[in-house]
Amino acid sequence: MALEDVLTQFDAVIVGAGFAGLRALYSLRAMGKRVCVLEASADAGGVWYHNGYPGARCDVESYDYSYSFSPELEQQWRWTERYATQPEILRYIAHVVERFDLRRDILFNTRMRSACYDEAGARWCISAQDGRQWWARALIMCVGQLSTTKSPSYPDQDKFRGRVIHSGLWPKEPIDFSGQRVGIIGTGSSGMQMTPVIAEQAAHLTVFQRTANYSIASANAPVSDEEDRRIKASYRQRREQAWNSPSGLGFVPNKQSALQATPQEREQVYEQAWRRLGFGFALAYHDILLNQAANDTAVDFITRKIAAIVHAPVLRDKLTPRGHPFGARRPSVDSGYFQAFNRDNVELADLRQWPIVAFTEQGIRTQDRLHELDVVIFATGFDAFTGSLLRPEIKGRGGLTLAQKWSAGPLTLFGLAVADFPNFFIVGGPGSPSLLSNVLVSTEEQIDWLVQLLRHMDAHEQVEFEARHSAEHAWVEHVNERARQTLYLSTDSYYNGAEVAGKPRVFMPYSGGVRGYRRLLQNCAARAYEGFDLRGQPAAACADARPQSAAPPHG
Ligand code: N01
């Protein structure tokens, strides 16, 4: 019988078939749970399914940005480059789906519309946009942190006769930019990755920059057979190193302060980090993200790197990031971004100097002139962390919606559970290390913990788990406290909700690192899930289970 026809109880409904959802499906199924995955897209892969723009690749090393749950999978899969391209990552995901026979439990083209908690039955009723419904004891959100795209809207945008594409919803058919005049709006990781590749094809490329972004040169290289053998021979050690590093990248931060080193020593350390570490450059000294003066030394080094690449002085000046510390907004890892501006067919439009006024039939009018274009690419990012969690209507106890609960900013316990929303689990939610870590490491960390929790509940015949308000408030305080020790709060970014007008300004990821986070999760489990209520029967009748004041501790 087709899965669609079986409108029955599941132990868990998982939303999203990206890296997190697939891992949750694998692990819960391995426990013997009845699980179903709802996926809005036509195939698996999550953000990697949609971000097929030219030049898209991961800026975490392939051998670390991959599942660790199966040593056989680790040994069998052969990565070809140190930093995998989007097509290679999609091939890996397809391989995992087939190898573990995951497809049979995934409903593709199925977008979740809403979910409502049935307090008497301690279960969720989940509805899809087309009206289908499922019951599940647990609702597990694996919807990603960067999956709801965000596009500005300009006057007369609909009059533009050319094509408009968002980097995060890239069309599946190949696009040939030869002979085309292309405009890219946005210079985050997506814009920086696609610029050099499109520059090689297009007749003319205009990059519309509002904020110059820091970027580390990618130390990408093909993976030789010898290197592949060497990594696989000690893969467990490599994993251990990643799990025990703060970032999940495997780098142990240099314990020295950037300010204690001599200028010559610093130059050497930065040069080595630049050549090999990519994203890990930020860990070249332990205080780069903690102390402005230490950060300034990294900024000085990166600024000189940009200056050595970009020939034209005015352009060089405009491309040099200013006004925010390195790493306080997400830096990029690029393959020839700054070099692209030395080409005759690449131009920078500085939106701070000349903002966009409107679209026209021919292109984009900035305050100074008209840029004639055939294609406009919005590389303008996402409604980060909460966008995809708040898109469906999720109702917890007493009809309280997640949007109401989070009206002043997200409240979670460990970024994975929410008081008033029993049996609701978020993988990579706000308040977890997620985007401040190798997201694969924190994803697997959370799912392993969920499996442990469900086993515990089965063993004790419990049907309901729920974060306590007091624990949730304490966790949000802790997340804020950790953030206050860093430079992250010193600038606007999608880490703190500044990317969407009107979004609560709250720092969302947990900056305490994956190692510390795992320790806290383990302590919670060891203390009989301290901070959670685990119940043998639904708490619907208990007065203390009614929604309480959601007064946020966001200061
Ligand atoms: O988005 P972003 P992204 N007018 O939000 C500009 C991950 N990722 O898609 O800074 C003009 O970083 C905006 O300008 P400003 C990674 O975590 C990973 O590039 O707001 N410009 C900014 O320049 C990354 O951080 C990989 O002033 C406007 C840009 O658009 C995250 O995804 C690869 C504008 C948005 O940058 C998001 O990256 C790619 C407007 N109205 C992405 N609105 C890997 O390698 C926005 N901008 C794994």
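**Close-up 1. Val 97 and the residues it touches.** Leaving aside residues up to four places away in sequence, Val 97 touches Leu 22, Ala 44, Leu 102 and Arg 103, where contact means heavy atoms within 4.5 Å. This is a predicted model, in which local features need pLDDT of at least 70 and side-chain atom pairs count only at pLDDT 80 or more, while totals for chains, interfaces and linings use all residues. Residues are numbered from 1 along each chain as its sequence is written, and side-chain values use heavy atoms, with hydrogens and water left out. Val 97 sits in helix α4 (residues 86–99); helices (H or I, at least four residues) and strands (E, at least two) are DSSP runs, numbered from the N terminus. With a relative accessible area of 1%, Val 97 is buried (buried is under 20% relative accessible area, exposed over 50%, partly exposed in between, with a 1.4 Å probe and protein chains only). Gly 45 is 52 residues away along the chain, and its C-alpha atom is separated from that of Val 97 by 9.7 Å.

Close-up 2. Rings of Phe, Tyr and Trp (its six-membered ring) pair if their centres lie within 6.5 Å; planes under 30 degrees apart count as stacked, over 60 as edge-to-face and the rest as tilted. Trp 124 and Phe 424 make a tilted pair, 5.7 Å centre to centre with 45° between the planes. The pair links distant parts of the chain, 300 residues apart: Trp 124 is in strand β5 (residues 123–128) and Phe 424 in strand β18 (residues 424–426). Both Trp 124 and Phe 424 are buried.

**Close-up 3. Trp 449 and Tyr 529, edge-to-face.** The ring centres of Trp 449 and Tyr 529 are 5.5 Å apart and the planes are at 65°, so this pair counts as edge-to-face. Trp 449 comes from helix α14 (residues 439–459), and Tyr 529 from the loop between α16 (514–526) and β20 (532–535), 80 residues apart. Both Trp 449 and Tyr 529 are buried.

**Close-up 4. Two charges over rings.** Arg 123 lies over the face of Trp 135, 3.6 Å from the ring centre. Lys 172 does likewise with Tyr 49, at 3.7 Å from the ring centre. To count, NZ of Lys or CZ of Arg has to be within 6 Å of the ring centre and within 35 degrees of the ring normal.

**Close-up 5. Helix α8 packed on helix α9.** Helix α8 (residues 263–276) and helix α9 (residues 292–309) pack at about 60°, with axes 11 Å apart; axes are lines fitted to C-alpha atoms over the stretch in contact, and angles run from 0 to 180 degrees between N-to-C directions. On the α8 side the contact includes Tyr 270 and Trp 274, and on the α9 side Phe 301 and Ile 302 are among the residues involved. The contact residues divide into 6 nonpolar, 1 polar and 5 charged (Ala, Val, Leu, Ile, Met, Phe, Trp, Tyr, Cys and Pro count as nonpolar, Asp, Glu, Lys and Arg as charged, and the others, Gly among them, as polar).

Close-up 6. Asn 423, in the loop between α13 (402–405) and β18, has phi near 55°, a positive value in a residue other than glycine. Asn 423 is buried, with a relative accessible area of 2%. Ala 528, in the loop between α16 and β20, also has phi near 55°, but Ala 528 is exposed, with a relative accessible area of 52%.
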